[in-house]
Amino acid sequence: MLAQLILVLLSYLILDYLWMGFVVGDVYLRLIGPIARLQDGKFDVFIPSALVVYFVMTFALWFFVLRNASDLKTATLHGLILGFCLYAVFDFTNHALLKNYPIQFLAMDLIWGSVLNAVVAAIAFKAFKSN
């Protein structure tokens, strides 16, 4: 189980790094820069809070998806649904509370979170399908 949790955590970190660093970083800066924590024109991530997020997501994916998944299709679909729920809570709460929270960002982030969780669930299931 510990190895599976580590794989999930590392998968989240790597995929999010690639997504933010090479795919949508500039778009995200343009969309939420005015309300983001920035330093020298780049996101200034508060690491303790980010780590809590990744640990919670890792536990949630294991608890709600991986520990009971019987096949790859189920693990992937349940990962997608969990990701949608997690990111919907985040994005719609921000949209409700923050002025000018861009709907474009909300849509992109919600899709990304759903896909991210589906992919991480599939990776972890394939790697540890016997556990």
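Predicted model: local features only at pLDDT ≥ 70, side-chain atom pairs only at ≥ 80, totals over all residues.
Reader: Let's start with α3. How far apart are its end C-alpha atoms, and what should the helix span?

Author: Helix α3 covers residues 47-64, and its end C-alpha atoms are 25 Å apart. At 1.5 Å a residue, its 18 residues should span 26 Å, so the two values agree.

Reader: Which residues in α3 are buried?

Author: Ala50, Tyr54, Met57, Thr58, Ala60, Leu61 and Trp62.

Reader: And what covers the buried residues of α3?

Author: The cover includes α1 (2-23), α4 (72-97) and α5 (103-127).

Reader: Take α1, then. At what angle do the axes of α1 and α3 cross?

Author: They cross at roughly 125° and come within 9 Å.

Reader: Left-handed or right-handed crossing for α1 and α3?

Author: Right-handed.

Reader: Which residues of α1 and α3 meet there?

Author: From α1 you have Gln4, Leu5, Val8, Leu9, Tyr12, Leu13 and Asp16. Facing them in α3 are Tyr54, Phe55, Met57, Thr58, Leu61 and Trp62. By class, that contact of α1 with α3 has 10 nonpolar residues, two polar and one charged.

Reader: I see Gln4 in that list. Is Gln4 buried or exposed?

Author: Gln4 sits in helix α1, and with a relative accessible area of 6% it counts as buried.

Reader: What does Gln4 touch, leaving out residues up to four places away in sequence?

Author: Trp62, Leu66, Ala124 and Phe128. Trp62 is also one of the buried residues of α3.

Reader: How far is the C-alpha of Phe63 from that of Val45?

Author: Those two C-alpha atoms are separated by 27 Å, with the residues 18 apart along the chain.

Reader: Which residues make the contact between α2 and α5?

Author: On the α2 side, Val27, Tyr28, Leu31 and Ile32. On the α5 side, Gln104, Phe105, Met108, Asp109 and Trp112. The contact of α2 with α5 sorts into seven nonpolar residues, one polar and one charged.

Reader: Where is Asp40 found?

Author: In the loop between β1 (38-39) and β2 (42-43). Asp40 counts as exposed there, because its relative accessibility is 74%.

Reader: And Asn100, what is its phi?

Author: Asn100 has a positive phi as well, about 60°, and is not a glycine.

Reader: Where is the place of Asn100, and is the residue buried or exposed?

Author: Asn100 lies in the loop between α4 and α5. With a relative accessible area of 70%, it counts as exposed.

Conventions:
Residues numbered from 1 in each chain as written. Heavy atoms only, no water. Helix = DSSP H or I, 4+ residues; strand = E, 2+ residues; numbered from the N terminus. Expected span 1.5 Å × (residues − 1). Buried < 20%, exposed > 50% of the residue type's maximum accessible area, 1.4 Å probe, protein only. Contact = heavy atoms within 4.5 Å. Nonpolar A, V, L, I, M, F, W, Y, C, P; charged D, E, K, R; others polar. Axes fitted to C-alpha atoms, helices over the stretch in contact; angles between N-to-C directions. Left-handed = near helix turned anticlockwise from the far one by under 90°.
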